Amino acid sequence: MAAVTTAAAAAATAAARLTLDSSSRLTGVAKALLAEDWARVDKRVPHLLARLTERGAHQCWHKHGTFKQHLLGVWKILALWEQPQALARCGLFHSAYSNSYVNLAIFKAGVDRGLVQEDCGVEAEELIYKFCVVDRQKIIVDTMFPMDRVPAEGLTVQHIHTGEPVHLSSEMLGQLLVMTMADVADQQYGWQDDLFGDAQWQPHDAFSSATSKSYKETTDNVVESTSNNSYNKSGSNNSNDNNNNNKNKINSNAEEQEAVMHPYTLWPGLSKPGLWMYFVSQLAALARTCPMPVRPPVLDQGRFLLDRTAERQARDLYWEVISEDPRDKSKVDCNIAKLTHALVLNPYLAEPHTLLAQCYLIKGDFPAALTAADKAVDLFLQWGTNWDKRVSFEAWMAWTRVLLQHAENRTPWHENSWGVINLGLVR
């Protein structure tokens, strides 16, 4: 119980570090992305998207959309994170030769590398190629997580098709981590949790016989690792504490947990938000061990390590609120309490803030609604994607900004459903 309290206190400390300063909100890049004016961010992107369409990426299925939609989503995140152009373009083509996770080879590495170099540039194509021919799971989960760092000398790994050595510099490993953060954040939602159980981000050895195991709900006892985590408590970049927490949280109870998979899970499932943010927090923390020009802004630039159990509890509280009878106004106070608790457990979620803003508007508490909507907008723009994938990032942004305007104007919430359906204008 003490460990849970410590984890909650650490999360509350992180929540306090979230500022209300929105002066940098809706930067030129953010405005261009919301306007779908890709050329304002990178003049080559309209051509690159046309090339992806020419190769059929718009027809390929990918998690909660098409392959083209996913590639564009990863590029948008990397662009909003102000990553180098070569890495952002890599995000736009990151699985185009297929890779260790998926079979989506819309380009053939033995034939089309020259074409991709011409389209994306030599540096970007080199990243695309290397990311497609190495096993990211082995590199990140099996190798670098136990090492607790990005090795300064880089890594030499095997080509997944030929077995030949492929060298990845420390800079390229950092880029791989950032690209994987964006990749996971864009595509992950509850269907994958149902599909993989607890097996998705475990070491390769953990799921060698996973498909033969029957369903078993496993319990994560990783909260204990946060009790000695000064990295979370203070926000300081203490590499030893960070590294110990990193190892404990990814591999906690590895011997006790079964890698259970459920390949018969029906798509798209209930579309709950996914339990991916704890994993991204590990990637971001690991990325802090190597230099890079701009760190992704999420999770306090990788200083906050999210507890896996806390993430699940926060998601479940959010889903309880979503599942309530929407016509029952008497539950507004209870919903506010649940959403507030969810944000203590995981202060880096935008959508609970959006729901809180509407709840406070219903109550007529305009200052609280303004604070909640303001935080939601800031967090959406930090992530560049939505956690709750049931509707799009752009839709979440538009609705949150409608609520923000409502709070700024101190407009009473509508008693008539036609008033609610009439909302929409964002100035």
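Student: In this predicted model, which residue forms a salt bridge with aspartate 183?

Tutor: The model is predicted, and side-chain atom pairs count only at pLDDT 80 or more. The closest N and O atoms of the pair are 3.3 Å apart, and the cut-off for a salt bridge is 4 Å. The partner of aspartate 183 is arginine 136.

Student: How many residues apart in sequence are the parts that this pair ties together?

Tutor: Aspartate 183 lies in helix α10, while arginine 136 lies in helix α9 (residues 136–147). The pair therefore ties together parts whose separation in sequence is 47 residues.

Student: Is aspartate 183 buried or exposed, and what about arginine 136?

Tutor: Buried means under 20% relative accessible area. Aspartate 183 has 6%, so it is buried. Arginine 136 has a relative accessible area of 2%, so this residue is also buried.

Student: Helix α10 also meets helix α8; at what angle do their axes cross?

Tutor: Two packed helices are described by the angle between their axes and the distance between the axes. For α8 (residues 122–133) and α10 (residues 170–187), the axes come within 11 Å. The angle is roughly 75°.

Student: Which residues of α10 are met by α8, and how many residues of the contact are nonpolar?

Tutor: From α8, the residues are Leu127, Lys130 and Phe131. They meet Met172, Gln175, Leu176 and Met179 in α10. By class, the contact has 1 charged residue, 1 polar residue and, as the number asked for, 5 nonpolar residues.

Student: Where in the chain are the two residues of the salt bridge between aspartate 42 and arginine 89?

Tutor: The closest N and O atoms of aspartate 42 and arginine 89 are 2.8 Å apart. The pair links distant parts of the chain, 47 residues apart. Aspartate 42 is in the loop between α3 (38–41) and α4 (45–54), and arginine 89 is in helix α6 (residues 85–92).

Student: What is the relative accessible area of aspartate 42, and of arginine 89?

Tutor: The limit for buried is under 20%. Aspartate 42 is buried, at 4%. Arginine 89 is buried too, and its value is 9%.

Student: Is aspartate 316, which pairs with arginine 315, buried or partly exposed?

Tutor: The closest N and O atoms in this salt bridge are 2.9 Å apart. Arginine 315 is buried, with a relative accessible area of 7%. Aspartate 316 has 30%, so its class is partly exposed.

Student: How many salt bridges does the count come to?

Tutor: Side chains of opposite charge can pair when their charged atoms come close. Arg44, Arg51, Glu54, Arg55, Asp112 and Asp119 are linked in a network of such bridges. The count of salt bridges comes to 19.

Conventions
Residues numbered from 1 in each chain as written. Predicted model: local features only at pLDDT ≥ 70, side-chain atom pairs only at ≥ 80, totals over all residues. Heavy atoms only, no water. Axes fitted to C-alpha atoms, helices over the stretch in contact; angles between N-to-C directions. Helix = DSSP H or I, 4+ residues; strand = E, 2+ residues; numbered from the N terminus. Contact = heavy atoms within 4.5 Å. Nonpolar A, V, L, I, M, F, W, Y, C, P; charged D, E, K, R; others polar. Salt bridge = Lys/Arg side-chain N within 4 Å of Asp/Glu carboxyl O. Buried < 20%, exposed > 50% of the residue type's maximum accessible area, 1.4 Å probe, protein only.
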